[in-house]
Amino acid sequence: MKTLKVELVDRSYPIYIGNGNLDKLAEMVKLFFTTKNFVLISDKNVFPLYGQIVINSFAKAGLRVEKITVSAGEKSKSLSCFDEVLTKMLKLNASRDWMVLALGGGVIGDLAGFSAASFMRGVPFIQIPTSLLAQVDSSVGGKTGINHPLAKNVIGSFYQPKMVWIDMAVLKTLEPVEIISGLAEILKYGIINDRDFFHFCEENIGKMLALDDEVCVEAIYRCCKIKAKIVAQDEREAGLRAILNFGHTFGHAIETVFNYQKIKHGEAVLWGMLAEAHMAVELGLLNQKEFERIRQLFHKIPMQSFISDINFDSLMLAMKRDKKAQDNKLRFALPKSIGETIIVVIERENLIRNAFNFALANGWRG
Ligand SMILES: NC(=O)c1ccc[n+]([C@@H]2O[C@H](COP(=O)([O-])OP(=O)(O)OC[C@H]3O[C@@H](n4cnc5c(N)ncnc54)[C@H](O)[C@@H]3O)[C@@H](O)[C@H]2O)c1
Ligand SMILES: [Zn+2]
């Protein structure tokens with residue numbers, strides 16, 4: 001098992017990454033905490049697959065676990081689901097000395113994390129991410145929250161977990177499109193911050209797609225390490241953390257235009273990274289040779305969702321409404337080279353239009 005630490009002074013926490021370690025969490029918890037009561041929050045896809053493994057191992061360790069399951073999918077990141085979770089916790093007579101276990105993808109991590117942050121002004125929680133996207137991205141860094149009917153991720157808090165427990169073996173039951181979605185964020189880390197890791201991705205993309213054990217553990221470890229480093233320097237996104245948004249200005253707008261249906265987050269980010277990398281070339285930031293490396297790697301991904309029916313004006317409108325836009329100016333995290341990123345404010349709409357057209361003409365084909 002690999003271990004690393006998110007360094008945040010009194011809120012520091014370990015991340016464990018292994019293969020087949022799901023039933024070992026209880027032993028580790030017993031070693032570190034005196035907590036006796038836990039509430040496991042999961043969704044209706046993940047709980048039947050892995051919930052009982054966690055519950056049984058906790059029971060074996062003499063620890064009590066109650067469960068709360070919600071529907072799978074983004075719609076559970078809602079005020080009504082948040083209400084439902086808190087109500088169930090109250091009915092269980094949970095108190096401040098309980099701990100929340102978030103077992104699921106990013107939806108569960110965000111919902112359970114925000115529930116833990118809010119319940120009795122905060123109870124500790126552990127992230128047990130089960131989707132690739134959650135293992136390399138959302139479970140690390142302490143952003144928790146839910147959606148409002150008017151906007152995504154606008155109700156929430158920065159609330160760090162006490163531990164992140166990753167078992168790559170659970171990825172084997174994920175839908176292929178979810179692997180692609182997580183892979184997008186993996187490639188993003190290489191492009192924005194780690195040239196050497198980008199090279200690792202070039203060498204191992206096939207094995208990542210096939211969920212090779214060793215390659216996946218290494219990739220997850222290196223992504224968590226990069227994210228941990230960025231978060232340690234800029235927990236609340238005052239500056240540096242914004243480089244994680246590469247591909248996301250376009251990506252979020254694509255998701256918005258599709259109403260969060262028809263395309264997975266990571267897929268939208270892949271399209272977004274292609275467009276934004278092209279923008280970086282147009283701006284003279286990124287050279288053509290590096291861009292070609294990125295493009296060739298992207299083309300090895302069997303994309304399943306396409307954006308040809310998106311109209312540029314609606315995309316532009318969505319970008320301007322995004323919370324990354326300030327004073328109507330759009331901000332982009334753009335690569336200067338593979339491994340180095342800067343934040344750029346773009347006012348020339350034409351540049352954005354060209355990037356979109358480029359992605360349409362040169363991106364993946366159905
Ligand atoms: N907090 C953050 O920093 C952060 C960062 C990125 C994304 N997010 C959020 O994460 C969410 C997306 O996360 P996601 O892509 O994991 O979505 P998700 O949680 O909806 O999981 C995707 C699907 O896979 C299923 N699933 C999860 N693990 C499984 C497994 N091991 N086997 C079989 N099925 C499994 C889920 O039930 C769901 O149907 C979004 O709401 C996004 O806003 C948060
Ligand atoms: Zn993302």
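This is a predicted model: local features need pLDDT of at least 70, side-chain atom pairs count only at pLDDT 80 or more; totals for chains, interfaces and linings use all residues.
Trainee: Which element gives the largest share of the lining of the second largest pocket?

Mentor: The second largest pocket holds about 670 Å³ of space. Its lining has 24 residues, and those closest to its centre are His148, Leu150, Ala151, Lys152 and Tyr260. Two or more lining residues come from each of strand 7 (143-148), strand 8 (151-158), helix 9 (248-257) and helix 12 (312-321). The largest share, four residues, is that of strand 8.

Trainee: Which domains each give at least three residues to the lining of the second largest pocket?

Mentor: The lining of this pocket divides into eight nonpolar, eight polar and eight charged residues. At least three of the lining residues are drawn from each of two domains, namely domain 1 (2-173) and domain 2 (176-362).

Trainee: What is the volume of the largest cavity?

Mentor: A search of the whole structure for cavities of 30 Å³ or more finds one. For the largest cavity, the computed volume is about 40 Å³.

Trainee: How many of the residues that line the largest cavity are nonpolar, polar and charged?

Mentor: The lining consists of Leu132, Leu183, Ile186, Met208, Leu211, Cys216 and Ala219. Helix 6 (176-193) and helix 8 (213-233) are the elements that give two or more residues to this lining. Cys is counted among the nonpolar residues, as are Ala, Leu, Ile and Met. The lining of the largest cavity therefore divides into no charged, no polar and seven nonpolar residues.

How values were computed:
Residues are numbered from 1 along each chain as its sequence is written. Chains are lettered from A and ligands numbered from 1 in the order in which they are written. Side-chain values use heavy atoms; hydrogens and water are left out. On a 1 Å grid over the protein atoms alone, a cavity is a set of points where a 1.4 Å probe fits but cannot get out, and a pocket is an open set with protein on both sides within 12 Å along at least five of seven lines; lining residues have an atom within 4 Å of a point. Grid points are joined across faces, edges and corners, and a volume is the space filled by probe spheres set on the points. Domain bounds come from an automatic or database domain assignment.
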